[in-house]
Amino acid sequence: MPANSASSHRAESELRDYRAAFNAAHLAMAVVDRDGYVVAANQAFAGLLGSEPHALVHRCAADLVDLAAEARTWAAYQEVLRGRQARLRCTRRLKHPDGHSLWTEVTLGPVPGTGDVLLSVSDISDRRDLQARLRHLQMHDPVTRLPNRALFFERLSAALEASSYDHGGGTGRIGLCYLDLDGFKAVNDTLGHRVGDRLLTAVAARLTQCADQSGYGRTGGHLVARLGGDEFALLVEDSTGTEQLVDLARSVLAAVQEPFDLAGQRLSVSASIGVVERATDGTSATGLMQAADTTLYWAKADGKARWTLFDPERNAHRMTRQALSSTLRPAVERGEFELEYQPLVDLESGTVRGVEALVRWKHPQFGTLTPNRFIGIAEEDGSIVQLGQWVLKTACRQARRWQIEQPSDAPVFVSVNVAVRQVWDSDLVGDVAEILAETGLAPQLLQLELTESAVMGSAGRPLQALQALSDMGVRIAIDDFGTGYSNLAYLSRLPVSVLKLDGSFVRGFRYDEGTHPNPADETIVEALVQLAHRLGLTVTAECVETPGQAARLRRVGCDTGQGWLYSRAVAPDVIARMIGRQAAEAASAATSPSASAKEKETATATVTATATTTATAGESTPASVSAAAQPDEPAPHPLV
């Protein structure tokens with residue numbers, strides 16, 4: 001059998017070669033049988049474990065390389081031994097008998113032609129160290145050496161996830177102090193980025209010290225991180241309540257406000273801090289950061305150099321404001337706005353001389369909204385131009401309709417509020433001319449109201465527009481006079497025909513439960529009225545609520561009054577009835593010469609009071625299209 005003998009000899013030679021290669025290989029290897037025990041191990045494998053090859057035979061392979069540490073890995077290992085899975089690769093940290101640890105990559109696969117499995121182990125400690133160094137560079141800020149935004153969000157997400165599985169082991173809460181340096185840009189711009197970087201490093205050291213002293217540091221399981229620019233965050237896991245976070249914010253604020261000595265430069269800075277503390281249940285990383293960012297914005301808006309605690313009610317108001325902002329412009333196109341009108345009454349005769357148009361938003365979700373809820377938003381996003389054009393056209397059309405339905409020798413004028421942005425961002429003069437031509441309303445029956453601060457600061461294009469409107473015959477009124485610049489010298493150079501005294505002056509005329517009015521208010525109002533008359537201007541008093549106020553205003557020479565004494569803001573048909581009754585009373589008085597002026601005034605006041613009782617209940621403070629937020633109105637006078 002020479003052929004069989006040669007074949008057998010060749011097989012034995014190959015087997016010796018394989019064994020020699022197996023034993024001489026630098027890769028640590030061992031052959032494992034189907035029961036999981038070592039059949040053979042090479043010198044590299046034994047050296048990796050600090051042993052000898054023969055001492056490893058019949059040892060449990062899983063114990064040697066810690067395959068039973070994880071249930072998932074152990075199950076996969078069993079599948080490989082049974083031949084149901086072709087390969088397994090995992091990473092394990094092994095303990096050498098001399099005490100040092102090493103990271104290894106363990107691979108198992110079948111040995112062809114046998115029932116055994118080849119176990120190979122490669123030392124990847126150097127690779128792991130390099131990866132760790134690279135990860136540290138990737139996850140830490142190069143300037144301050146603090147964890148960066150990526151590591152912060154990784155830790156935040158891990159903390160929230162761990163808390164959801166932790167039953168009883170922690171507080172189930174999480175806190176965050178979100179900090180921004182005030183005026184840091186000025187440091188960079190004036191002293192350079194090198195000094196700016198040194199300042200950031202010094203701030204980082206103080207924040208870390210505050211966290212360590214309070215029990216929250218990098219070694220204590222909590223995080224101080226630089227999120228970018230001059231923004232820092234202190235993450236408090238398992239917080240015990242808002243008081244804990246507030247104490248931390250106070251200490252941080254005090255530490256940052258201490259002067260910094262940087263390379264001969266002594267710098268003083270402050271910080272604004274947003275503080276959020278809440279239960280982890282139902283909290284997401286995105287939601288927590290949004291709340292912190294919002295609260296930080298509040299701290300800056302409230303004056304900087306302070307900490308502010310997250311307020312759900314204030315946040316709800318912000319969310320409502322955002323909802324209004326996103327729907328305001330389409331609301332004009334959908335016709336969700338309507339106008340109500342408040343009479344302007346002649347204080348001498350008691351007759352209605354004009355009306356002020358006040359816009360209301362019939363919001364499908366929030367109900368009827370007064371101007372202080374949305375005008376500021378409209379001015380910010382520019383939709384005030386579109387809304388203002390609608391108000392102007394609607395008011396002029398309504399005034400013309402009253403004139404046609406109730407013809408008289410003295411038709412009522414309509415007063416429309418105008419925001420200064422309408423002057424800048426649109427052709428206000430052209431719009432007014434076009435609307436007057438379209439509606440047929442005489443220019444003398446239109447009055448445009450601008451706030452005192454807007455008019456007094458007018459120059460260039462705004463002043464030219466006001467002059468052109470005045471030349472056209474439109475009356476210009478200064479609204480809320482006495483609350484802004486009050487530049488009387490500048491007043492004489494403006495094309496203004498009406499002053500509307502702010503209600504704060506008029507309220508001083510009121511007797512409240514036996515208290516006497518402030519005589520200084522009457523003196524101021526009387527002086528303003530006399531000055532206005534000397535300049536050829538008429539004066540309207542706002543917020544007239546009692547007959548006593550009206551009498552005193554009439555005594556000092558005020559021309560017209562507006563307020564709840566006469567009427568709330570009402571629908572157009574109520575104004576129409578008011579004008580109709582007034583015309584009827586005037587006609588009746590004209591045919592009865594014996595009627596005294598006092599009787600005429602009383603009759604007119606009665607008509608006005610009767611008309612105002614039909615006003616909508618719960619009317620809020622009269623506010624113009626350009627009005628800012630105002631406090632709630634007091635209860636109306638009993639006559640109304």
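Visitor: Is L130 buried, partly exposed or exposed?

Guide: Buried means under 20% relative accessible area, exposed over 50%, and partly exposed in between (1.4 Å probe, protein chains only). L130 has a relative accessible area of 42%, so L130 is partly exposed. This is a predicted model, where local features need pLDDT of at least 70 and side-chain atom pairs count only at pLDDT 80 or more, while totals for chains, interfaces and linings use all residues. Residues are numbered from 1 along each chain as its sequence is written, and side-chain values use heavy atoms, leaving out hydrogens and water.

Visitor: Where does L130 lie?

Guide: Helices are DSSP runs of H or I with at least four residues, and strands are E runs of at least two, numbered from the N terminus. L130 lies in helix α6, residues 125-139. In total, the protein chain has 24 helices and 21 strands.

Visitor: What about Q422, buried or exposed?

Guide: Q422 has a relative accessible area of 4%, so Q422 is buried. Its place is in helix α15, residues 420-425. Across the protein chain, buried residues make up 46% of the 640 residues.

Visitor: Which residues is Q422 in contact with, leaving aside neighbours within four places in sequence?

Guide: Contact means heavy atoms within 4.5 Å. Q422 is in contact with I384, V385, G388, Q389, N417 and L428, once those sequence neighbours are set aside. The side chain of Q422 also reaches the backbone nitrogen of A419, at 2.9 Å.

Visitor: What share of contacts in the chain joins residues 24 or more positions apart?

Guide: Among contacts with a separation of 6 or more, such residues account for 64%.

Note on methods
Polar contact = N/O pair within 3.5 Å; in protein donor to acceptor, adjacent residues only side chain to side chain.
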